[in-house]
Amino acid sequence: MSEKAEPTTRKISSIYLMIILVTIVLAVTALSIGVNAYYENPQDASAVSFMLIGFIALALSAYMLLQTQRKPSRAAFEMPRVITTILCQKCGFKNIRDFQRGDFIFKEAESCPKCNEKMMIASIYREVKEKEK
Ligand SMILES: [Zn+2]
């Protein structure tokens, strides 16, 4: 068996951005060639076609750029944090920790560090993160 280099998804996006950049450069070049040719000879048909190509390429790169912006980044794959609240029925001591497999409300948890009484899971909820701006 031979080892094959796996292409990473991160690399694809950077290549994609490179393509967009090259397209923009080509579009601007075609536009400037077309504009220059048009000023030299307004009757020149190739000048108009160069400008047209430039415009189309510019519109295409703008569209591609919008596509990359629309794609949700890591945020979509980020799992929401689930919090378990453990409450001591005797003294009211409250312990908050990450949800663990098998947790359920009213399940007996570890002993209270204050009064040594068995604590109980009071609530399980999903942590709502405020959107960063
Ligand atoms: Zn307690």
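This is a predicted model: local features need pLDDT of at least 70, side-chain atom pairs count only at pLDDT 80 or more; totals for chains, interfaces and linings use all residues.

Biologist: Is Ile83 buried or exposed?

Modeller: Ile83 counts as buried, at 5% relative accessibility.

Biologist: What does Ile83 touch, beyond residues up to four places away in sequence?

Modeller: The list is Ile96, Arg97, Asp98, Phe99, Ser123, Ile124, Tyr125 and Glu127.

Biologist: How far apart are Ile83 and Phe99, C-alpha to C-alpha?

Modeller: 5.0 Å in space, and 16 residues in sequence.

Biologist: What else is in E1?

Modeller: Thr85 lies in that strand too. Its relative accessible area is 3%, so Thr85 is buried.

Biologist: Step back a bit. How many helices and strands are there in the chain?

Modeller: Two helices and four strands. From the N terminus the order is α-α-β-β-β-β.

Biologist: And how much of the chain is buried?

Modeller: Buried residues are 18% of the 133 in the protein chain. The accessible surface is about 11,400 Å². Carbon and sulfur atoms hold 61% of that surface.

Biologist: Now the metal. Which residues coordinate the zinc ion?

Modeller: Cys88, Cys91, Cys112 and Cys115, each through SG. The distances run from 2.2 to 2.3 Å.

Biologist: Why is the arrangement tetrahedral?

Modeller: Because the four donor atoms subtend angles of 104 to 114 degrees around the zinc ion. For four tetrahedral donors, the ideal angle is 109.5 degrees.

Biologist: What spacing do the donors follow along the chain?

Modeller: C-x2-C-x20-C-x2-C. Cys88 is in the loop between strand E1 (82–87) and strand E2 (94–98). Cys112 is in the loop between strand E3 (108–111) and strand E4 (118–126). So the pair ties together parts that are 24 residues apart in sequence.

Biologist: Are Cys88 and Cys112 buried or exposed?

Modeller: Cys88 is buried, with a relative accessible area of 2%. Cys112 is buried as well, at 1%.

Biologist: What is Cys112 in contact with, leaving aside neighbours within four places in sequence?

Modeller: Two of the contacts are zinc ligands, Cys88 and Cys91. Phe93, Glu117 and Met119 complete the list.

Biologist: Which residues make up the largest nonpolar core?

Modeller: Six residues: Ile86, Cys88, Ala109, Cys112, Met119 and Ile121. Two of them, Cys88 and Cys112, also coordinate the zinc ion. As a general point, nonpolar side chains tend to be buried together in soluble globular proteins.

Biologist: Let's switch to something charged. Where is Arg97?

Modeller: In strand E2. Its relative accessible area is 19%, and the cut-off for buried is under 20%, so Arg97 counts as buried.

Biologist: What does the side chain of Arg97 make a polar contact with?

Modeller: The side chain of Asp103, at 2.7 Å. Setting aside neighbours within four places, Arg97 is also in contact with Val82, Ile83, Thr84, Ile86 and Ile121.

Biologist: Now backbone angles. Which residue other than glycine has a positive phi?

Modeller: Phe106 is one, with a phi of about 75 degrees. Phe106 is in the loop between E2 and E3. It counts as exposed, at 62% relative accessibility. Asn116 is another non-glycine with positive phi, near 65 degrees. Asn116 is in the loop between E3 and E4. At 61% relative accessibility, Asn116 counts as exposed.

Biologist: Last topic, the helices. Where is Gly54?

Modeller: In helix H2, residues 45–70. Gly54 counts as buried, at 0% relative accessibility.

Biologist: What is Gly54 in contact with, leaving aside neighbours within four places?

Modeller: Ala27, Ala30 and Leu31. For Gly54 and Ile33, the C-alpha atoms are separated by 9.1 Å. Those two residues are 21 apart along the chain.

Technical notes:
Residues are numbered from 1 along each chain as its sequence is written. Side-chain values use heavy atoms; hydrogens and water are left out. Donors are N, O and S atoms within 2.8 Å of the metal (3.2 Å for Na, K and Ca); water is not among the atoms, so sites may look incomplete. Four donors count as tetrahedral if all angles lie between 85 and 135 degrees; four count as square planar and six as octahedral if opposite donors are over 155 degrees apart and all others between 65 and 115; anything else is irregular. Buried means under 20% relative accessible area, exposed over 50%, partly exposed in between (1.4 Å probe, protein chains only). Contact means heavy atoms within 4.5 Å. Accessible areas come from the Shrake-Rupley method with a 1.4 Å probe; for residues, only the protein chains shown count as cover. A nonpolar core is a set of buried Ala, Val, Leu, Ile, Met, Phe, Trp, Tyr and Cys residues joined through side-chain atoms within 4.5 Å. A polar contact is a pair of N or O atoms within 3.5 Å; within protein, one must be able to donate a hydrogen and the other to accept it, and residues adjacent in sequence count only if both atoms are side-chain atoms.
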